[in-house]
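Here is a friendly briefing to read alongside the model.

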Amino acid sequence: MTFLAAILAWLVSLSLSGNRMPGREMLAQPLDQVFSRLGGSVWAYCLVIAVPVVLLAAILGWFDHWLVTFLVGFASLVLVFGSGDQADQLKLYRQYQIDGDTDRAYELAVENFDLPEGLYEGGPSQMDDALNLSLAYQLLERFFVTLFWFVAFGAPGVLLVVLVRHARSILLQMPSESSSAASLAIQVHHAINWIPARLLTLSLALVGDFSQSFAIWLRRIRDFELVDRALLETSLKVSLPDNPDAQRPEDVLALIKRAQVLWMVVIALATIFG
């Protein structure tokens, strides 16, 4: 049922828009309250990550019914995948730029594509360069990391990804006394992204410019310290056949969508022949 839950969740996410996704951030506020009460210590971090995951795994094991497992997995994937309306949002972003409304284009990119806030004095071209990476990294975390750990551990794996991601964001904003927990949170986040990020960059090589990107992938795959964002940025620049300076967010999105289809095909084949 893994492939069925994954493909249905992906198809549902493609039909949703950002303003029709209730409940996507329902864990953020409770986690914030838990850390406010327990503090930003290492033991609090381990407790927040481990207890919900183990509890969900125990509940699913107790029910031990395929329908319950399927529904929980499907619902968790839909919530984490989020809306798949990036193409529509990019059209609106581009229209704002054509109309000369760079402020609205910037606000849309920050809100919908997690574009880092800052000054883009180079204008639309500089904003496009930053958006290329932000868009790819957003889909890495939403789709590829989530799908990998769902295939590995089911719905508890999805919950693990979400908890690690939110806990890292919360701890990085807490006072300096939580620095040990924040450091651990960064390392755990890097660890759960490590394999999916390298599988994604391999996928980009397969669906993009294979000759250059695969050679770079082979050199970078064993570098555990290389952060996933830097690896993804390098892979994007060489996976698209055009000049890196001429790459547009629309090209990056099309490349990522092809990688998504590739992952679904691989999971389907593994389900059929596994």
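The radius of gyration is taken over C-alpha atoms, and the globule rule is 2.2 Å times the number of residues to the power 0.38. With 274 residues, a compact globule would come out near 19 Å, and the protein chain agrees at 19 Å. This is a predicted model: local features need pLDDT of at least 70, side-chain atom pairs count only at pLDDT 80 or more, and totals for chains, interfaces and linings use all residues. Residues are numbered from 1 along each chain as its sequence is written, and side-chain values use heavy atoms, with hydrogens and water left out.

**Overall fold**
- The protein chain has 12 helices and zero strands (DSSP runs numbered from the N terminus: helices are H or I of at least four residues, strands E of at least two).
- Along the principal axes, the C-alpha atoms fill a box of roughly 55 × 50 × 40 Å.
- Of the contacts (heavy atoms within 4.5 Å) with a separation of 6 or more, 75% join residues 24 or more positions apart.

**Burial**
- Buried residues make up 45% of the 274 (buried is under 20% relative accessible area, exposed over 50%, partly exposed in between; 1.4 Å probe, protein chains only).

**Nonpolar patch**
- Met 1, Leu 4, Leu 8, Leu 11, Leu 14, Trp 66, Leu 67 and Leu 71 make a nonpolar surface patch of about 720 Å².
- Helix H1 (2-14) and helix H4 (66-81) each give two or more residues to this patch, and H1 supplies the largest share, four residues.
- Patch residues have over 30% relative accessible area and no salt bridge, with nonpolar side chains (Val, Leu, Ile, Met, Phe, Trp, Tyr) joined within 5 Å and like charges within 9 Å.
- A salt bridge puts a side-chain nitrogen of Lys or Arg within 4 Å of a carboxyl oxygen of Asp or Glu.
- Accessible areas come from the Shrake-Rupley method with a 1.4 Å probe; for residues, only the protein chains shown count as cover.
- Leu 67 sits in helix H4 and is partly exposed, at a relative accessible area of 36%.
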